[in-house]
Amino acid sequence: MGRAASIIGYCLAALAIPVAIATFVGMDFFSRGLVAATGLKVSPWMNGGDIIQVVERGGYQTQIHQPVFDGLFGEKEEGFVQVDWTPLKNLPSVISEEVDFDRDGRADFKISLDVEAVSAKITNENPRIKSLEGCYKLKDGRAVRVWLINDKR
Amino acid sequence: MGTKPWKALLLTLPMAFLLALMMTQGKLPDALAARVAVILTYSLFSVMFFLIIWSGKTYKYRAILFTIIAVCFCFSFIANLIEIRGSMALTKADILAGDTPFCHLVIPAVIIPAALTRTIIFPGSMLEGFASIASMLVLWAGASLVLGRGWCSWACFFGGFDEGFSRLRKKALIKKIDQKWTYLPWAVLLAVVLLSAATLSPFYCQWLCPFKAVTEFEQVTSFKILVQTVIFVSLFIGLVVVLPVLTRKRIQCGLFCPFAAFQSLTNKINVFDIRVDTDKCKNCGICIKECPTFSLDSKSVGEGRTLMSCVKCGKCVDDCPRGAVTYHIKGTRVNTGSDTARVLFAYPAYLFMSAIGGSMIVSTLAYLINYATAGSLYG
């Protein structure tokens with residue numbers, strides 16, 4: 001038993017060298033494999049979630065993300081929806097739009113966004129909307145996040 | 001316990017070959033500054049490995065390289081940020097674009113949300129860009145298999161800071177530290193894991209990471225972010241600079257870092273450990289006094305083992321006057337009188353250290369050469 005354990009120990013110790021090399025040589029392969037096998041994604045609370053609607057505005061786009069209510073277990077009572085406007089060079093100085101994020105054909109909120117000042121005001125048209133969470137610069141545009149109440153809860 | 005020079009040279013050759021492959025990928029860079037930087041870094045790593053093998057002293061040379069890597073990491077990271085972003089500050093645009101480099105310290109916090117929601121609560125990218133989430137997870141998994149908590153002494157690019165500061169004074173000014181404090185990292189780990197899961201945000205990064213002070217931090221646009229920034233800087237000064245200088249211990253790593261506590265668990269699955277030959281040991285207590293991470297106490301020494309928080313830095317091995325403390329391979333006899341276990345551990349550990357730290361030293365040297373020759377870091 002002692003001898004067998006010793007042989008196994010030395011074999012595992014020697015195996016550590018190829019494992020170390022494989023970690024670096026196969027980094028790209030293993031990384032893609034990890035993502036494919038687990039289906040892991042960046043949390044929508046971080047990146048705003050998937051874009052589900054793109055509205056062409058003649059030179060620029062309004063991109064509406066999937067409303068985010070994801071919680072650790074099920075959905076949260078409150079979440080947000082993110083709306084992006086891009087590209088920056090084609091944006092008007094003030095964006096005034098109606099946004100229909102739930103795609104029911106009716107505006108959910110009206111927004112007036114000052115592109116240079118990176119500030120916005122919203123007018124609620126839907127009782128699910130709580131308030132403006134923030135107005136942000138993007139690499140190539142502007143974005144807002146609007147707090148929502150989850151009507152499924 | 002050293003090795004004859006010719007034998008050390010022979011054992012260094014495979015490492016030198018692997019280092020050459022890793023650092024050049026078969027071709028030296030075209031730019032002169034980068035070329036010189038690669039050659040200097042390669043020489044440094046090769047010589048240091050030879051010295052580790054030849055002298056029998058692991059800690060002495062590892063600690064020097066480890067500190068150099070931490071300094072170079074921050075220098076090259078900040079220089080790169082300034083080059084591409086114009087500042088160390090992370091803007092909301094960077095966060096929303098997923099441009100935040102993922103670091104291993106956040107791994108314990110993302111596990112529960114990843115398991116339950118299949119999402120990573122970090123504003124990075126899964127596969128794209130520098131330090132993507134998936135690549136760091138792969139790196140951590142590989143290193144954990146090979147090194148266990150040895151990660152904290154061979155692969156962590158932050159650990160060299162408190163290691164370096166802990167070596168500045170010859171004698172500690174604060175000598176008595178209650179062993180109870182060693183439970184603190186577990187408490188921080190528990191708090192960070194639960195709060196991150198509850199808020200679905202990386203709590204440690206947002207509130208507690210001392211190394212934000214020397215890498216990147218969110219642009220101060222609100223009182224909340226200002227408070228966070230003050231906390232980062234205070235923790236860095238207290239835990240990484242002042243206390244290590246006063247105690248000669250790695251305080252951040254040993255008494256605060258939640259990732260370090262989490263990484264202790266991986267020592268259980270790792271084949272390498274440090275053992276004390278109780279027949280040789282005369283209970284002088286030097287190893288307990290010198291351990292930088294509080295990983296030895298009189299009970300563990302009596303049992304011939306280290307505590308599970310051992311980072312395999314080699315300090316106790318270097319300092320034991322009777323050679324009673326040695327690197328060991330689980331399943332084998334303790335203190336066989338040979339250097340095999342130490343050399344077998346040194347190979348993969350050094351590969352991780354050079355692969356992670358090499359590029360950081362190369363970048364820093366290239367920036368400095370550019371500055372010396374062209375008057376600008378960026379050439």
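These entries record what I looked up in a predicted model.

**Entry 1. Two helices of chain B**

I began with helix α1 (residues 5-24) of chain B and helix α2 (residues 32-55) of chain B, whose axes come within 9 Å and cross at roughly 150°. Angles over 145 degrees count as roughly antiparallel, so α1(B) is roughly antiparallel to α2(B). I noted that the crossing of α1(B) past α2(B) is right-handed.

I then looked up the residues that meet. From α1(B) they include Leu9(B), Met15(B) and Leu19(B), and from α2(B) they include Tyr42(B), Phe45(B) and Trp54(B). By class, the residues of this contact between α1(B) and α2(B) are 16 nonpolar, four polar and no charged.

**Entry 2. The largest nonpolar core**

I next examined the largest nonpolar core, which has 147 residues. Ile69(B), Val106(B), Tyr204(B) and Phe352(B) touch the most other members. Helix α17 (residues 340-374) of chain B gives the most to this core, 18 residues.

**Entry 3. Where chain B touches chain A**

I turned to the contact between the chains, which takes 45 residues from chain B and 39 residues from chain A. On the side of chain B, the elements that give two or more residues are α4 (92-96), α5 (107-117), β2 (119-120), α6 (133-147) and α17. I recorded α6(B) as the source of the largest share, eight residues. The side of chain B that touches chain A divides into 30 nonpolar, twelve polar and three charged residues.

Methods. Residues numbered from 1 in each chain as written. Chains lettered and ligands numbered in written order. Predicted model: local features only at pLDDT ≥ 70, side-chain atom pairs only at ≥ 80, totals over all residues. Axes fitted to C-alpha atoms, helices over the stretch in contact; angles between N-to-C directions. Helix = DSSP H or I, 4+ residues; strand = E, 2+ residues; numbered from the N terminus. Parallel < 35°, antiparallel > 145°, perpendicular 65-115°, else oblique. Left-handed = near helix turned anticlockwise from the far one by under 90°. Contact = placed C-beta atoms within 7 Å. Nonpolar A, V, L, I, M, F, W, Y, C, P; charged D, E, K, R; others polar. Core = buried A, V, L, I, M, F, W, Y, C linked by C-beta atoms within 7 Å. Buried ≥ 20, exposed ≤ 12 C-beta atoms within 10 Å, placed from the backbone.
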